[in-house]
Each structure stands twice: as C-alpha cells, then as structure tokens.
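Open the model in your viewer and keep the sequence panel beside it. We will go from a single residue to the whole chain.

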Amino acid sequence: MENYKNKLGNLADKLKQERPATPIQEVMPVKAVQLPNEPEVQFNNRIPKGLLKRLKTFGLEYDESLKDINIQALELYLSQKAKPEETTKNAD
C-alpha cells in the first residue's frame with residue numbers, strides 16, 4: 001500500500017512540473033465579407049412569425065446574425081429588381 005501511495009504522490013508532482021505535450025488550439029472567429037464602412041440607420045418592420053422562426057433557425061445553422069441575413073437579402077433583392085440608374089440616384 002505504501003508503494004502505491006508513493007507512486008500516486010510522485011505522479012502528482014510529475015504532472016505539476018511537466019508541460020502538456022499537446023498544443024492549445026487558438027479559436028479565431030470567421031466573419032463574412034465586411035461591407036464598406038457606411039453610417040448605419042435603424043430599420044424596423046413587421047414580418048410573419050413563421051418567417052422570423054425560419055430566419056433565426058437559418059442564422060443558427062449557418063452562424064450568421066439576423067442583421068447580416070437581412071442586409072444580404074435586401075442587397076440581393078435590389079440587385080435583381082431595381083434598375084441600375086435607380087440605385088445610383090437614390091444613393092446620392
């Protein structure tokens with residue numbers, strides 16, 4: 001029994017002195033492409049409850065915020081629906 005206690009005691013000291021052999025992994029978040037720095041304004045509207053649930057589920061699944069999803073959706077909508085001269089007129 002004494003031999004067993006000595007082995008355990010030595011093991012604890014040995015573990016305290018030795019550094020871990022495996023490197024510690026550094027976690028870096030991956031972000032989507034940043035939009036140019038423009039002033040932000042508040043945009044508020046009402047949408048169906050089911051659509052909001054789908055948006056939140058999509059955001060969780062693909063690790064995207066509701067803000068980023070909304071910006072991408074509005075950009076895509078305007079790029080398909082708006083005429084090129086309309087988007088440049090309104091931007092000024």
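A residue counts as buried under 20% relative accessible area and as exposed over 50%. Keep those cut-offs in mind for the first stop. Note too that this is a predicted model.

**Stop 1: one residue.** Select aspartate 63. Is aspartate 63 buried or exposed? Its relative accessible area is 68%, so aspartate 63 is exposed. You will find aspartate 63 in the loop between α2 and α3. Now check its backbone. Most residues other than glycine have a negative phi. Phi of aspartate 63 is near 55 degrees, a positive value.

**Stop 2: the helices on either side.** Select residues 49–62 for helix α2, then residues 66–81 for helix α3. Two packed helices are described by the angle between their axes and the distance between the axes. Here the angle is about 110 degrees, and the axes are 9 Å apart. Angles of 65 to 115 degrees count as roughly perpendicular, so α2 is roughly perpendicular to α3.

Which residues make the contact? Show these side by side:

- From α2: Leu52, Leu55, Lys56, Phe58 and Gly59.
- From α3: Leu66, Ile69 and Asn70.

Colour them by class. The contact has 5 nonpolar, 2 polar and 1 charged residues.

**Stop 3: the whole chain.** Zoom out and show everything. How many helices and strands does the protein chain have? There are 4 helices and 0 strands. Along the sequence, the pattern reads α-α-α-α. The chain has 92 residues, and 3% of them count as buried. The protein chain exposes about 9,900 Å². Carbon and sulfur atoms supply 55% of that area.

**Stop 4: confidence.** Colour by pLDDT. The chain averages 80, and 75% of the residues score at least 70. Where is confidence lowest? Select residues 84–91: this is helix α4, with a mean of 58. Confidence is highest in α2, at 95. Where pLDDT is low, the predicted coordinates should not be read in detail.

Terms used
Residues numbered from 1 in each chain as written. Predicted model: local features only at pLDDT ≥ 70, side-chain atom pairs only at ≥ 80, totals over all residues. Heavy atoms only, no water. Axes fitted to C-alpha atoms, helices over the stretch in contact; angles between N-to-C directions. Helix = DSSP H or I, 4+ residues; strand = E, 2+ residues; numbered from the N terminus. Parallel < 35°, antiparallel > 145°, perpendicular 65-115°, else oblique. Contact = heavy atoms within 4.5 Å. Nonpolar A, V, L, I, M, F, W, Y, C, P; charged D, E, K, R; others polar. Buried < 20%, exposed > 50% of the residue type's maximum accessible area, 1.4 Å probe, protein only. Areas by Shrake-Rupley, 256 points an atom, 1.4 Å probe, with all protein chains shown as cover. pLDDT = per-residue confidence, 0-100.
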